[in-house]
Amino acid sequence: MNLPYTGGCACGAIRYHISDEPIFMNDCQCKDCQKMSGTGHGSYLTFPSRAAIKLEGKANHFDMIGDSGNTKTSSFCSKCGSPVYMTFAAMPTLFTVHATSLDDPSRYKPQAVTYVIRGFSWDHLDPTLPKFEKMPKT
């Protein structure tokens with residue numbers, strides 16, 4: 001049996017417990033992820049079903065419109081400001097967590113880099129990972 005993925009915000013006001021395996025782990029260099037992370041990319045684990053997610057605490061949310069024209073919602077702690085998870089209007093079952101919100105961030109194993117078209121030359125990511133100009137089609 002696989003161990004659950006657990007984590008939360010920096011101050012502990014928001015906690016999650018995920019009893020599923022991620023379907024995708026990626027470094028994203030889109031402008032939204034750059035601004036949310038405060039650096040050249042964001043690192044994420046995406047899970048297939050919200051049914052496998054237990055959330056504790058109240059997050060604040062803000063919506064962004066992605067390149068696809070669809071709304072993505074970023075959820076963060078109102079106390080410490082840590083970004084914790086994202087959801088997507090066009091794919092309502094998916095649940096994405098920020099890799100550094102994990103209790104054990106070493107469990108994050110990126111599979112690809114997305115939105116390299118927006119990447120900065122100083123943002124050095126694993127050169128062996130597959131790279132996509134935008135988000136790969138499913």
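Let's start at the second largest pocket, whose lining by class has 6 nonpolar, 9 polar and no charged residues. Keep in mind as you look around that this is a predicted model.

To find the spot, select S37, S43, P83, H98 and T100: of the 15 residues that line the second largest pocket, these lie nearest its centre. Next, colour helix 1 and strand 4, the elements that give two or more residues to this lining. Strand 4 gives the most, with 3 residues. The volume of the second largest pocket is about 210 Å³.

Now move on to the largest pocket, with a volume of about 870 Å³. Which residues lie nearest its centre? Select F88, M91, Y115, M135 and P136, which hold that position among the 30 residues of the lining. By class, the lining of the largest pocket divides into 15 nonpolar, 8 polar and 7 charged residues.

For the last stop, zoom in on P136, found in the segment after strand 10 (112-114). Why does P136 count as partly exposed? Its relative accessibility is 25%, and the partly exposed class lies between buried, under 20%, and exposed, over 50%.

Terms used: Residues numbered from 1 in each chain as written. Predicted model: local features only at pLDDT ≥ 70, side-chain atom pairs only at ≥ 80, totals over all residues. Heavy atoms only, no water. 1 Å grid on protein atoms, 1.4 Å probe; cavity = no way out; pocket = protein on both sides within 12 Å on 5 of 7 lines; lining within 4 Å. Points joined across faces, edges and corners; volume = space filled by probe spheres on them. Nonpolar A, V, L, I, M, F, W, Y, C, P; charged D, E, K, R; others polar. Helix = DSSP H or I, 4+ residues; strand = E, 2+ residues; numbered from the N terminus. Buried < 20%, exposed > 50% of the residue type's maximum accessible area, 1.4 Å probe, protein only.
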